[in-house]
Amino acid sequence: MEIAVERAKADVPSLMRAEEFSRFAEARRERALRLAFRLLGGDQATAEDVVQNAFFRAYRALASFRGEATLDTWFYRILVREVQRQRRWQGLRRLFGGDPESAPPAVDPRPVADPALRRRISRALERLSGPQREAFVLIHLEQLTIAEAAQVMEKAVGTVKSHLHRALLALRGELADLHPKEEPES
Amino acid sequence: MSDERWIEAVRSEFQPEPLAPARAAELRRDLDARIEARRGLPRFAFPAFASAVAAAALYLAWPHAAILPTSDGTVSSGELDAFVDPDQLTGELTDQAEYLPADYQGLALLLDDDAADR
């Protein structure tokens, strides 16, 4: 971990070059998009915008990178904050924009997966509190360790465990009947 | 253990569509353009400008000459003279018969005949 952090600090000056940062971003775009999509309840277009904003914020903040975490953890922290900002903005728009429905965000209309199932998962995730959703998505869906998730969420490990426990209790009640798709036999 | 199945189902079902190559290229170009625009700005332009304005405001608001205490903490007569023109204050600095209100002046005379005790 220490070595990774030291390497991250050493990488920063080169990342300040636009082309290097572009490579950094492209290597992480897919995973960042998946994380934002899941935290935003399945809204792909908004997730793309949020990821783009997070990359730009990360570029602007590179000079202030203190090397307290790996570059990935640092970037995902920026991304999660950007998601939180977007959700607050969406909440305000729902509150003042005359949208009487407090429905979860629209699930992308182009999925190849089962749209009804996606909506069901999205609704279940939307019923969690923000920190519960972040803990569940980061640890169980993105498969970060609890310590990494705690760094990304800027919370204590014990707090993250507590959020995760509550998230699992809530989701188990709603999604426990789901089964992974069977791989077609060849 | 029993959670693994439904969590795996959520993991596999709840993910975005892969970005189309055209869309990925568009996002890459957009990010590059934003970074280039950012690099075009002189990095220290705003902080330098803000500091200059603050310094100018401070200079204008600050008294241009200050009484500097002497080494023992008192103010020398020379320093006072620089700020007080005795000629303008002659009326206040000379003895005045009306210095005490009449009632107090009478009382003082009763207590002590010496008018210089005022």
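**Note on the predicted two-chain model**

1. Of the 186 residues in chain A, 36% are buried. The model is predicted, and its scores are ipTM 0.79 and pTM 0.67.

2. Chain A contains eight helices and zero strands, so its order along the sequence reads α-α-α-α-α-α-α-α. Taking the contacts in chain A between residues at least 6 apart in sequence, 62% join residues at least 24 apart.

3. One helix pair to look at is α2 (residues 18–39) and α3 (residues 44–61) of chain A. Their axes come within 9 Å and cross at roughly 140 degrees, which makes α2(A) oblique to α3(A). The crossing of this pair, α2(A) and α3(A), is right-handed.

4. On the α2(A) side, the residues that meet α3(A) are Phe21(A), Ala25(A), Arg29(A), Ala32(A), Leu33(A), Ala36(A) and Phe37(A). Their counterparts in α3(A) are Gln44(A), Ala47(A), Glu48(A), Val50(A), Val51(A), Ala54(A), Phe55(A) and Tyr59(A). Sorted by class, the contact of α2(A) with α3(A) holds 12 nonpolar residues, one polar and two charged.

5. Helix α2(A) also packs with helix α6 (residues 130–141) of chain A, at an angle of about 140 degrees and with the axes 10 Å apart. The two helices, α2(A) and α6(A), are therefore oblique to each other. Here too a handedness is assigned: α2(A) passes α6(A) in a right-handed crossing.

6. From α2(A), the contact with α6(A) draws on Leu35(A), Arg38(A) and Leu39(A). From α6(A), the contributors are Arg133(A), Glu134(A), Val137(A) and Leu141(A). The residues of the contact of α2(A) with α6(A) comprise four nonpolar, no polar and three charged.

7. Between the chains, the contact takes 37 residues from chain A and 25 residues from chain B. In chain B, α1 and α2 (21–40) each supply at least two residues of the side that touches chain A. That side of chain B divides into 13 charged, 10 nonpolar and two polar residues.

8. Chain B averages a pLDDT of 75, and 64% of its residues score at least 70. Within chain B, confidence is highest in helix α1 (residues 3–13), at a mean of 91, and lowest in helix α5 (residues 90–93), at 65. Helix α1 of chain B is also one of the helices that supply at least two residues to the side touching chain A.

Note on methods: Residues numbered from 1 in each chain as written. Chains lettered and ligands numbered in written order. Predicted model: local features only at pLDDT ≥ 70, side-chain atom pairs only at ≥ 80, totals over all residues. pLDDT = per-residue confidence, 0-100. Helix = DSSP H or I, 4+ residues; strand = E, 2+ residues; numbered from the N terminus. Contact = placed C-beta atoms within 7 Å. Nonpolar A, V, L, I, M, F, W, Y, C, P; charged D, E, K, R; others polar. Buried ≥ 20, exposed ≤ 12 C-beta atoms within 10 Å, placed from the backbone. Axes fitted to C-alpha atoms, helices over the stretch in contact; angles between N-to-C directions. Parallel < 35°, antiparallel > 145°, perpendicular 65-115°, else oblique. Left-handed = near helix turned anticlockwise from the far one by under 90°.
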